[in-house]
Amino acid sequence: MEKLHALKRIEWTQTIENRGILIIATSLCVLSVLCWPVEGGEAPAGGRAVHDMLDYSVTKGAPVPENPDAVPGEILVKFKPKRAQVAMDNTQAAQKIRVASARRLKRIDWHVIKVQGDRKLKDVIMAYRQSPDVLYAEPNYLLHALDGQYIPNDARFGQLWGMHNTGQSGGTPDADIDAPEAWHSITTSGIVVAVIDTGVDYNHLDLAANMWTNPGEIPGNGIDDDGNDLIDDVRGWDFSNGDNDPMDDHGHGTHCAGTIGAVGNNALGVAGVCWNVKIMPLKFLNSQGGGSTVDAIEAITYATLMGAKVMSNSWGRALLQPSSEGCHHCSGRSRRPFCGGCRQ
Ligand SMILES: [Ca+2]
Ligand SMILES: [Ca+2]
Ligand SMILES: [Ca+2]
Ligand SMILES: [Ca+2]
């Protein structure tokens, strides 16, 4: 029963065809920003540099597979300044690794080292990483053109013509945002996205893993721990009802959240534009889908204050007014993408 109940909660996906325009509008807004690094300004022309895609963390390099897809016998090493020869000599003596040749990449001060013998490439790299004079050691990975697609296994992905249009709904094939092409390069981000809407079903099986929580707030203690004037705002806030539970009682906000960041390739429901985001639910529209300008301003102000990098605003009215224009300028000052569905 629990499973049946859970699956029933994916009902927003059943209306996906009718909301295709919304999918495209929201997706176009967020696709270009969600899947780039959280910080660091503009993405490099032509895509992320390979250097940026590697994790140079505390272990002198990313984990190395047992049999890496790399140039045989060749590794890339970053030494401490002026310690390259010492490190190579010491490693050769201690680990019995013989250097056949070493070439310095002058502009970035890395070395390409060719080793002799039949030692596994991973063992050679680990030997170099043990040296105190080595900062990083990596395989010389083989690279490939990113011209493919990544089709996720989510049960309802075939309905998402806005992501990948094969004509499945009678529309024009490839009239879409080319999401599988983008996912071939990158699927995750971790960026905080405020969904300013009717709330979000934060327990939804395809969303729960991607929900934001307020790190500065202790839940349930009746205290405003982070000093933002809202008590126990752990999950966001409900500006419509004035409480700390932004659960969706309409459905629209959950639908938007799914388009933005439903967990992808988990064999369940749909795939969001980005498969790993932090969705901050800010409810200001009530169960009928209506809300006030003041509550919208409060929600946008909260999102700005609490560090959301993108705001989803799929709402509007016939005519804009100066105060709502002010919202755009408020969020715009901090260079946050403001994705809206306002009509004029
Ligand atoms: Ca396409
Ligand atoms: Ca608070
Ligand atoms: Ca608290
Ligand atoms: Ca999914």
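The buried residues of helix α5 are covered by elements that include β1 (70-79), α4 (84-95), β3 (110-115) and β4 (134-141). The model is a predicted one, in which local features need pLDDT of at least 70 and side-chain atom pairs count only at pLDDT 80 or more, whereas totals for chains, interfaces and linings use all residues. Residues are numbered from 1 along each chain as its sequence is written, and chains are lettered from A and ligands numbered from 1 in the order in which they are written.

Helix α5 spans residues 121-129, and its buried positions are L121, V124, I125, A127 and Y128. Because these residues fall within an arc of 160° when seen down the axis of α5, they line one face of the helix; the arc is that of the directions from the helix axis to the C-beta atoms. A residue is termed buried if 20 or more other C-beta atoms lie within 10 Å of its own, exposed if 12 or fewer, and partly exposed in between, with C-beta atoms placed from the backbone. Helices (H or I, at least four residues) and strands (E, at least two) are DSSP runs numbered from the N terminus.

An open sheet is formed by 4 strands in the order β2-β3-β1-β4, with antiparallel pairing. Strands β2 (99-105) and β4 lie at the edges, each pairing on one side only. From one strand to the next, the twist averages 25°. Two strands are taken to pair if DSSP finds at least two bridges between them; the antiparallel strands β2 and β3 are joined by 6 bridges. K114 in β3 is the bridge partner of S101.

Helix α4 packs on this sheet and touches β1, β2, β3 and β4, its direction making about 155° with that of β2. Helix α5 also packs on the sheet, touching β1, β3 and β4, and its direction makes about 165° with that of β4. Contact requires C-beta atoms, placed from the backbone, to lie within 7 Å. Axes are lines fitted to C-alpha atoms, for helices over the stretch in contact, and angles run from 0 to 180 degrees between N-to-C directions.

T187 is located in the loop between α6 (179-183) and β5 (188-197). This residue, T187, is buried, with 20 other C-beta atoms within 10 Å. Residues up to four places away in sequence aside, T187 touches G264 and W275. The C-alpha atoms of T187 and C274 are 5.7 Å apart in space, while the two residues are 87 residues apart in sequence.

The chain has 9 helices and 9 strands, and 37% of its 344 residues count as buried.

How values were computed
Two residues are in contact if their C-beta atoms, placed from the backbone, lie within 7 Å.
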